[in-house]
Amino acid sequence: MGRRVLLIEDEPNIIEALSFILTRDGWTVHTHSDGTTAAARVRTGSPEVVVLDAMLPGRSGFDILRELRADPSTAAVPVLMLTARGQERDRDLALRLGATEFMTKPFANAEVLAEVRRLAGG
Amino acid sequence: MILTFNILVAVSLGYVAMLFAVAFAADRRARAGRGGWLRSPLIYTLSLSIYCTAWTFYGAVGYAARSGLEYLTIYLGPSLVVIGWWWLLRKLVRIARVQRITSIADLVSSRFGKSPWIGAVVTLIAVAGVTPYIALQLQSISLTFAAFIEGMDGGMDVDFVALWTAIGLALFTTLFGTRNLDPSERHHGIVMAVAVEAVVKLFALLGVGVFVVWGLGGGIAGTLARIDASPIPMWQGEGGRWVGLTALSAAAFLTLPRMFHVLVVENDDDRHLAVASWAFPLYVLLMSLFVVPIAVVGLERLPEGSNPDLFVLALPISEGHGGLALLAFLGGFSSATSMVIVATIALATMVSNHIVAPLWLSVRGPDEVARDLRGTILLARRVSVAAVLALGYVYFQYTGSGVALSSIGLIAFAGVAQILPAMLGGITWRGATAKGAGAGLLLGAAVWAWTLFLPSFGTAIIPQPVLDQGPWGLAWLRPRALFGIEGLDPLLHAVLWSLLLNAAAFGLVSILTFPNPLERLQGAQFVNVFDQTGPARTWSRSGAEVEDLLVLAQRVVGHETALDLFQAEAEEQGKSGHLPDATPGFLQRLERELAGSVGAAAAHALVGQFVQGPGLSVGDLMAVADEAAQILEYSARLEAKSAEQERTARALREANDKLTQLARQKDAFLSRISHELRTPMTSIRSFSSILQEEGLTPAEARRFAGIVEAEAHRMTRLLDDLLDLSVLRDGQVTLERQEGTLAEVIDRSLLSAGALKGDLAVLRDPAAEALPVVTDLDRLAQVFINLVSNARKYCDADRPELRIAVQRRGPQVIVDFVDNGSGIPAPEREVIFESFARLSGRRAGTVAPSGAGLGLAICREIMSLLGGSITYLPGQGGAAFRVTFPQGVAAAAAE
């Protein structure tokens, strides 16, 4: 069994792409697409890395991030935040709220993979 | 001409069929909005003639043969009312219109604080009083049949005639009187049929009269000589009985449910009363003109022991004038049927609104209120029609045909007259209270039943010893000599005591008790109806959910009427959409609309279920407590002004909000475009690089390439939509005017949206869709496609269903798309027509992503270009959209 990554994302095709490249790299990929229950899923699944989309149905990724950081059991989980809006504001907000890394869509597969590896190792 | 039983039956049936046709045609004309002349003062006056029932048609002659000119009192009372109490009738008509009164029970109940109890008591009195009256009509019809078949072979059972008459009348009344729950309770068809019958009976009686005077009596002089010589005591009886009977018939004219119905409820215009004030007395004068000659000649010519109640018929028969006899028969038949029909409608309305509805409301919990109120009330009305006629038939069976026509009629008069003190007191005296009215009504009814109604059954209910010595030996309770006063005429005795005690109890208890706030308010409304600018507010504040109220209203007054009402109110308040604020004023208007269908008491209870907090505040009452007309007018003007300011302020506030919102929206719009473009781009970029790598299976490669293609399509669609929207918004579109039918456009849209193969069931209305339209059909189809695709994507029912309903309103075509899913939550309805307003619904499929959320924004732009609109329809269960657009010029010209 490989290392666990939790993918919180609602676009089915992006989920498929990320799952494909991460699985091929030896990760066990769990996916979750509902914003309201995402934080709980992080707590119960205790993944090594979380990939978190900023815009989710039900609840924004920023809110989820805030909750994760406030909870001692998940405060230290590395989070890679993805956003499709690509504004400076979003980047600042994500980093201030405690995102470990931040990337805008569209991303290069290799970069995502490198970031996930780095977060898991660091 | 030889009349057989069968011919008689055939003629009656033919006549009834003619009435059906008249009623049907009048109803249709009225519904088509071409019924102006149906509501002329002439028709109104003729409809009042249901006062002249079979009792007056046949019975007046019998009455004259027994008691001389006393029969005139029956005509005198009502004539005095229409001439002398003109102002009172006008007040009643005005109150009924302002308060949406449906019946006399509704009037009294509404006046006394919308009390369900008062309504029920008045209804019970009316049913008890009118049942003998209906029996009387059945009796007259069966008697006349019997008169015809006398001497014919085969003793036909006349009961059978009465039974079938009752059944036939129930059918007619149900068809035309209870077809729908009309908020105004007006029945054009029935009023028209009644007017026709009024003409028939007048002609019939005049015909017989002319025949008797000039054919048998030897002209005017000869007839006068015969009258002088006749044994009838023309001026028999003491003056007290004359005055008493005149007053009684005047009271009954105002309180008989059927009279109240034609006089007040069916009245369209106060001014008709002015015509009726001379035309109605003229009508009854003509009706009474030949009564004495017929009685005198009948006594002379017909064999000893003939029933004088049948002289009108027996004279032509015995003289061998079959045709005239048939006319007389039809006259009597008309008198009987028209009375029964209107009386039954009036009673059925009262029973359903004041007995069934309150019971039903108290049995069901607030959650279930109005689930199917409309159906329940209609059913109750139909059952009541049958029940009232059945009661009449049973009474007819019970009393047999031994009682003279006129005495049954007077019993009924005295019964309903018990309503008079509460009614008159209610509209003239603000101090009158519900407790007072209830006490008066109950006491009066009890005295009437004890002294007149129960004794009318002979000794079957009240045994002889009780009649002679009083119950338990209490002599002062003897039915014929209350409080030991003997020697009075039994009828006069009963009328005097019942009305005296009734009025006394009403007055005394009213003085001793205190009206509750609603009673006070309604009292002021009724007494000062001409000084008011509008009904006072009975709701001071509201916690009501407007949508709940809409659902309630739809269930009571019907779908479209309710939507129109709410939309008009929303416009009045300066709001867009279908939902106004639940202001106290609106609650008041809504309650009044509902009252037109279910009566004031039930309407008040229904609205009350949805409104929290006290109905009336002290402040509201202050306005009522001492209003001089001037103060009222002044404050009304002030109120109008402040209402106007409020409207302006609201409009400004909305405009300001809109601007701020627009600025925010522009930012959000750009950010959303970025998101919507980057999302497909992400998949495309990611899969493109995966596809460049080695080691993919052919199946994987095919699938990934498919995703890339689908996402590329998505981007194209988004760009197309964006361009479309910006072009539409700039108004740079040229619209194509195409002719076609709505059905074609819907067919095309369903095909394009893929609704024909999915699991979405589409319910359509082919008849309504066969509508020619001239507009940009492609653009219209684009809107429809959007709505159908949305239903396919977001309808979350187990068996998704989309109903497409089409209707025409004037030059506008209205197409509703209603699905059976869970609908769109209220807060999100505000934004669905904005750009990128994609809701958090489920997604269909994984490969093909859903749209960008521009669909409804584009629809809105298109509809506004087509001169129409698209709105969200609240209160329909599922998601519901209403598309409205003009049908087009060419189609209107083609009509």
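Student: What should I know about the model and its numbering first?
Tutor: It is a predicted model, where local features need pLDDT of at least 70, side-chain atom pairs count only at pLDDT 80 or more, and totals for chains, interfaces and linings use all residues. Residues are numbered from 1 along each chain as its sequence is written, chains are lettered from A and ligands numbered from 1 in the order in which they are written, and side-chain values use heavy atoms, with hydrogens and water left out.

Student: OK, chain A. How many helices and strands are there?
Tutor: Five helices and five strands, in the order β-α-β-α-β-α-β-α-β-α along the sequence. Helices (H or I, at least four residues) and strands (E, at least two) are DSSP runs, numbered from the N terminus.

Student: Where is A:Asp53?
Tutor: A:Asp53 lies in strand β3 (residues 49-53) of chain A. UniProt, in an unreviewed entry, lists "modified residue: 4-aspartylphosphate" at A:Asp53; such annotations may be inferred rather than shown by experiment, and positions are given in the numbering used here, with feature names shortened.

Student: Is A:Asp53 buried or exposed?
Tutor: Buried, because its relative accessibility is 3%. Buried means under 20% relative accessible area, exposed over 50%, and partly exposed in between (1.4 Å probe, protein chains only).

Student: Which residues does A:Asp53 touch?
Tutor: Not counting residues up to four places away in sequence, its contacts include A:Asp10, A:Thr83 and A:Lys105. Contact means heavy atoms within 4.5 Å.

Student: Switching to the interface. How many residues of chain B are in contact with chain A?
Tutor: 26 residues of chain B contact 21 residues of chain A. The buried area is about 2,200 Å², with 53% from carbon and sulfur atoms; that is the accessible area (1.4 Å probe) that two parts lose on being put together, summed over both.

Student: What is the count of salt bridges between chain B and chain A?
Tutor: Three. One salt bridge joins B:Glu693 and A:Arg24, with the closest N and O atoms 2.4 Å apart. A salt bridge here is a side-chain nitrogen of Lys or Arg within 4 Å of a carboxyl oxygen of Asp or Glu.

Student: And inside chain B, how far apart are N and O for B:Glu711 and B:Arg714?
Tutor: 3.3 Å, in a salt bridge. These two residues are separated by about one helical turn because they are three residues apart in helix α30 (residues 698-730) of chain B. Both B:Glu711 and B:Arg714 are buried.
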